[in-house]
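Visitor: Could you walk me through reading a helix and its surroundings in a model like this?
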Amino acid sequence: MLWRRNLLAPLAALALVLTASAGAGTAAAATDTTVAAAPVRTPTASAAGDFGAPGPYATAVEVGAVTTLYYPRDIADSDRRHPVIVWGNGTGGVPLVYRDLMLHWASQGFVVAAANTPMSNLGISMRASIAMLTGRNADRGSVFFDRVDLEHIGASGHSQGGAAAIVVGSDPRIDAVLPIQPGPLANINAVRVPALLLAGQNDSIVFPALVKAFYNAADHIPALYGEVRGADHFTVVGDPGPFAAPTTAWFRAHLMGDRAARAQFFGPGCGICTDSATWSDVRRNGRALSVPAATP
């Protein structure tokens, strides 16, 4: 399809540039098995409620044949289990293209399992990453042993990967979905969990109207539509900029029970609803409007 052809070349080129410039702390792609995890940064603690600021966890990356993992570096010694976000790339993209966003989520305490495939639409690799983490969580010899919260899993992705997040959203293991500028090859009617659908105001590849169509069809679940002011299709690539805070808040709300994060989307004080500097359009359907800001 035309949108796929238009997206393939720039994402592939960007992946090559980022690969060439990546530091030695990032593991190279493995050909058959996973490689040893390598620390990549040590963020400072987040200010309270500042979801766009780095979180309190130093991060590490592990590159495997099917999945790249971004996670809290000292997870083996953590005093808690860490929720999971499965990720799908845009057409022609690889996890390295979205490295900054993945590391940001990991610094906030998530285990991010990014499918390595540049053609993620079917969600096969994203589902496989859940199975892989289930095995690692049960393996006493793994740094992930008993530290992965498999009861709280979110799905996200960009462009074709955004469509994949919707596809994977029908999986009963998924608790929330966050499609970013999702391509059209998905059926949101099969999703049974809350959805935050993000568009870019100036996106000329996945037009905002296409994302609104998913939102309009999602009247059976709590659904929100957010259109990032001034964003084009590649604003989320590299430095995620305005996408970092709301995506983090969404997953903290649904996977960590963060009340401050929840108030960004639900209740009469809905934070994103009044933030006109970030958003050119925000919509909440009837089911989202009935969700309270505080958990019972």
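Guide: Start where α2 ends: G109 follows α2 and has a positive phi, near 105°. Helices here are DSSP runs of H or I, at least four residues, and strands are runs of E, at least two, both numbered from the N terminus. The model is predicted, so local features need pLDDT of at least 70 and side-chain atom pairs 80 or more, while totals for chains, interfaces and linings use all residues. Numbering runs from 1 along each chain as its sequence is written, and side-chain values use heavy atoms, without hydrogens or water.

Visitor: Which residues of α2 are buried?

Guide: Buried means under 20% relative accessible area, exposed over 50%, partly exposed in between (1.4 Å probe, protein chains only). In α2, that covers L101, M102, L103, H104, W105, A106 and S107. Seven of its nine residues are buried, so α2 is largely enclosed by the rest of the structure.

Visitor: And which residues touch the most other members of the largest nonpolar core?

Guide: Nonpolar side chains tend to be buried together in soluble globular proteins. A nonpolar core is a set of buried Ala, Val, Leu, Ile, Met, Phe, Trp, Tyr and Cys residues joined through side-chain atoms within 4.5 Å. The largest one here has 40 residues, and M102, W105 and W250 touch the most other members. Elements giving it two or more residues include α2 (99–107), β5 (111–115) and α6 (244–255). Another core, of 37 residues, lies apart from it, with I174 and F214 among them.

Visitor: What does W105 touch?

Guide: Contact means heavy atoms within 4.5 Å. Not counting residues up to four places away in sequence, W105 touches I85, W87, F110, V112, S156, T247, T248 and F251.
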